[in-house]
Amino acid sequence: MPFQKSFDVHSRGRGSIEITAEVTRVVRASGIAIGLVNVFVQHTSCSVVLTENADPSVRRDLETLAARWAPDGDAAYQHDSEGDDDMAAHGRNILAGASLNVPVGDGDLRLGTWQGIYLWEHRAMAHRRRVVVTVLG
């Protein structure tokens, strides 16, 4: 039987927030021993990513890269109804993604040693984000 739970993440603005522990709790509560977990964010201006969880400079450098890929306030943008970071946030979501899949084994996430699951907020202001976790097995 599939199992699904949602939880909210409160960002303080642009940056990454580790959500591995919350996803792990959902996987364990599912009772599914072997399968796949999908982590999906219900928004178009933030992302869910799998990245380095040991050195925070990796996540800071990802912000630098994202600013190059989709800079705030580009004069070519037509969509800016919520500010200079609006279209850039949507572009960063498209590039980084709104969901990811992780294998489940022995009732736990099968992450590598230095991997963590993060909500990556692309907007400059704080937001409440809804994450949906679906476990299939």
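Predicted model: local features only at pLDDT ≥ 70, side-chain atom pairs only at ≥ 80, totals over all residues.
1. Leu 95 belongs to helix H3, which covers residues 86-96. Its relative accessibility is 54%, above the 50% cut-off, so Leu 95 counts as exposed.

2. Helix H3 also has a residue turned to the inside: Asn 93 lies in this helix and is buried at 9% relative accessibility. Setting aside residues up to four places away in sequence, Asn 93 touches His 43, Thr 44, Ser 45, Cys 46, Ser 47, Ala 98 and His 122.

3. Have a look at Val 133 in particular: beyond its neighbours within four places in sequence, Val 133 contacts Phe 3, Gln 4, Lys 5, Phe 7, Val 23, Val 26, Val 37 and Asn 38.

4. The strands next. Five of them form an open sheet in the order S1-S8-S3-S5-S6, paired antiparallel. S1 and strand S6 (108-109) are the edge strands; each has a single partner, so one side of each lacks a neighbour in the sheet. Within the sheet, S3 and S5 are antiparallel partners over six bridges, and Phe 40 sits opposite Ser 99 in S5.

5. Tyr 118 is buried, at 2% relative accessibility. Leaving out residues up to four places away in sequence, the residues touched by Tyr 118 include Ser 16, Ile 17, Glu 18, Ile 19, Val 48, Val 49 and Arg 59. Tyr 118 and Val 39 are 79 residues apart in sequence, while their C-alpha atoms are 10.0 Å apart.

6. Apart from neighbours within four places in sequence, Thr 20 contacts Leu 109, Leu 111, Gly 116 and Ile 117.

7. Finally, charges. The structure contains nine salt bridges. One of them joins the side chains of Asp 8 and Arg 128, at 3.2 Å from N to O. Asp 8 is in strand S1 and Arg 128 in strand S8, so this pair ties together parts 120 residues apart in sequence. Asp 8 is partly exposed, at 32% relative accessibility.

8. Another group to inspect is the salt-bridge network linking Glu 82, Asp 85, Asp 86 and Arg 123. The closest N and O atoms of Glu 82 and Arg 123 are 3.0 Å apart; Glu 82 lies in the loop between helix H2 (56-69) and H3, and Arg 123 in the loop between S7 and S8. Glu 82 is exposed at 53%, whereas Arg 123 is buried at 6%. Arg 123 also forms a salt bridge with Asp 86, at 3.8 Å between the closest N and O atoms, and both Arg 123 and Asp 86 are buried.

Note on methods:
Residues numbered from 1 in each chain as written. Heavy atoms only, no water. Contact = heavy atoms within 4.5 Å. Pairing = 2+ DSSP bridges. Helix = DSSP H or I, 4+ residues; strand = E, 2+ residues; numbered from the N terminus. Buried < 20%, exposed > 50% of the residue type's maximum accessible area, 1.4 Å probe, protein only. Salt bridge = Lys/Arg side-chain N within 4 Å of Asp/Glu carboxyl O.
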